[in-house]
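User: I'm new to this structure and would like to learn how to read it. Could you walk me through a few features?

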Amino acid sequence: VPKVYSAWDLPIESCEPANQALVWLASDYGKDDIDLLQRYIMAYTYFSTEGSEWTSQENWLSEANVCDWFGVDCSDGKNIDFLNFNENNLFGPVSLSNDH
């Protein structure tokens with residue numbers, strides 16, 4: 001985790017969605033900055049909305065390009081333009097803050 005986010009202050013065992021997303025990301029970092037940021041934001045969204053309970057989780061938290069994850073739309077095959085989570089059984093809010 002320190003290699004990805006040197007100022008992180010949560011213990012590695014924390015079940016906070018932000019920490020779960022960062023631990024997942026740290027296990028496979030080495031991609032470009034935009035891809036890392038998008039993968040972190042999408043992983044945070046997954047953990048904070050109980051992704052394991054979603055109706056469809058196709059490609060989520062996989063090695064696949066985030067544009068290939070269920071409900072993620074990209075116009076250029078690299079940058080996320082739109083998320084479609086309609087009727088996918090999400091729980092909780094999707095945060096728009098810059099806290100993490």
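User: Where is Gly 77 placed?

Analyst: Helices (H or I, at least four residues) and strands (E, at least two) are DSSP runs, numbered from the N terminus. Here, Gly 77 lies in the loop between strand 1 (72-74) and strand 2. This is a predicted model, where local features need pLDDT of at least 70, side-chain atom pairs count only at pLDDT 80 or more, and totals for chains, interfaces and linings use all residues. Residues are numbered from 1 along each chain as its sequence is written, and side-chain values use heavy atoms, with hydrogens and water left out.

User: Is Gly 77 buried, exposed or partly exposed?

Analyst: Buried means under 20% relative accessible area, exposed over 50%, and partly exposed in between (1.4 Å probe, protein chains only). Gly 77 comes out at 38%, so call Gly 77 partly exposed.

User: Which residues does Gly 77 touch, leaving out those up to four places away in sequence?

Analyst: Contact means heavy atoms within 4.5 Å. Not counting residues up to four places away in sequence, Gly 77 touches Asn 65 and Cys 67.

User: What about Asn 88: buried or exposed?

Analyst: Asn 88 is buried, at 2% relative accessible area. You'll find Asn 88 in the segment after strand 2 (80-83). With residues up to four places away in sequence set aside, Asn 88 touches Trp 54, Thr 55, Ser 56 and Phe 70. The Asn 88 side chain also reaches the backbone nitrogen of Ser 56 at 2.7 Å.

Terms used
A polar contact is a pair of N or O atoms within 3.5 Å; within protein, one must be able to donate a hydrogen and the other to accept it, and residues adjacent in sequence count only if both atoms are side-chain atoms.
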